[in-house]
Amino acid sequence: MSGATGVESKAVSARRREILDYVLENGGAQIEELVERFSTSRMTIHRDLHALSEQGLVRKVHGGVTMLASGVMETSVVHRMRRASREKQAIARVATSFIKAGDIIALDDSTTSRILSENLPSGMPLTVLTNSMGIATQLAGARDISLICLGGKYHPRFDAFLGILCEQGTKSLRANTLFMSVSAVRDLGAYHQEQEIVKCKMALMEIVDRRILMIDSQKFDVTALNRLANLSDFDVVITDSGVSEGQKNRMLDAGINLHVAPLDDTLSASQSASL
């Protein structure tokens, strides 16, 4: 019995870590959303959220849960960077193949874009627009890169500038290519939990000639509150080889220009499966 209890305890701990990662990624979640996502009962989810709340990791609200405004939740960017890091690295390697010297590129505040910023081709002259403090810090002083920061109100939880000032500043500019991500893809739609972030992403989508969505395979069939766009609104969608055949086929059948990044680190971006 003790062995069975130990296994059960490990399963509970693992599920609660996954719930915390999900809430960190999306900024919050509804009870029904978590029940569906983790294929368990409402009672179990309530117990899990109560335990996480008691640890000071989340705040329970009517019908769901949100992140705390400060303290441990301000490390959400770190958690998101760790989540699916191998997949995001693979996607970033493929994304760099769409960049050429002299381009003006826009990078959103997503952690996938931050990883891309760390992998930009060295010695290639570029202009980079971003509302991400982390990306701006990464590229500040970088040789051959002209950096333009989109201002606004700084949000520590996302390490990004958001709001009307950011949106207005964005609309006064023009770029060749936008690289961006979202927190969920469902039924060929791209979603994000936070309305303010959606508004900034929409503003970025309007000022570019080409839109590239970078979405790791763990974000498919996940629920988030706000619909941003259809996948068909993007010129290119890049995911990793962990994506299911069903999801891949649905995108291809819908005419999505899909590129699949291999997770085998020994393969180069040029060897990725372009579908």
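Two aromatic pairs are counted in this predicted model. Tyr22 and Phe38 make up one of the two pairs. Their geometry is edge-to-face, with 6.3 Å between the centres and 85° between the planes. This pair joins distant parts of the chain. Tyr22 belongs to helix H1, residues 2–26, and Phe38 to helix H2, residues 31–38. The two residues lie 16 positions apart. Tyr22 and Phe38 are both buried.

Tyr154 and Phe161 also form an aromatic pair. Here the rings are tilted, at 55° between the planes and 5.4 Å centre to centre. How exposed is Tyr154? Its relative accessibility is 33%, so Tyr154 counts as partly exposed. Phe161 has a relative accessible area of 19% and is therefore buried, since the cut-off for buried is under 20%.

Back to Phe38. Its ring also has a charge over it: the charged end of Arg37 sits 5.6 Å from the ring centre.

Arg37 leads on to the largest pocket, where it is among the lining residues closest to the centre. The space in this pocket is about 180 Å³. Its lining consists of 13 residues. Along with Arg37, those closest to the centre are Glu18, Asp21, Arg83 and Gln218. Which elements give two or more residues to the lining? They are H1 and H2. H1 provides the largest share, five residues. Sorted by class, the lining holds six charged, four nonpolar and three polar residues.

Methods:
Residues numbered from 1 in each chain as written. Predicted model: local features only at pLDDT ≥ 70, side-chain atom pairs only at ≥ 80, totals over all residues. Heavy atoms only, no water. Phe/Tyr/Trp six-rings, centres within 6.5 Å; stacked < 30°, edge-to-face > 60°. Helix = DSSP H or I, 4+ residues; strand = E, 2+ residues; numbered from the N terminus. Buried < 20%, exposed > 50% of the residue type's maximum accessible area, 1.4 Å probe, protein only. Lys NZ or Arg CZ within 6 Å of the ring centre and 35° of its normal. 1 Å grid on protein atoms, 1.4 Å probe; cavity = no way out; pocket = protein on both sides within 12 Å on 5 of 7 lines; lining within 4 Å. Points joined across faces, edges and corners; volume = space filled by probe spheres on them. Nonpolar A, V, L, I, M, F, W, Y, C, P; charged D, E, K, R; others polar.
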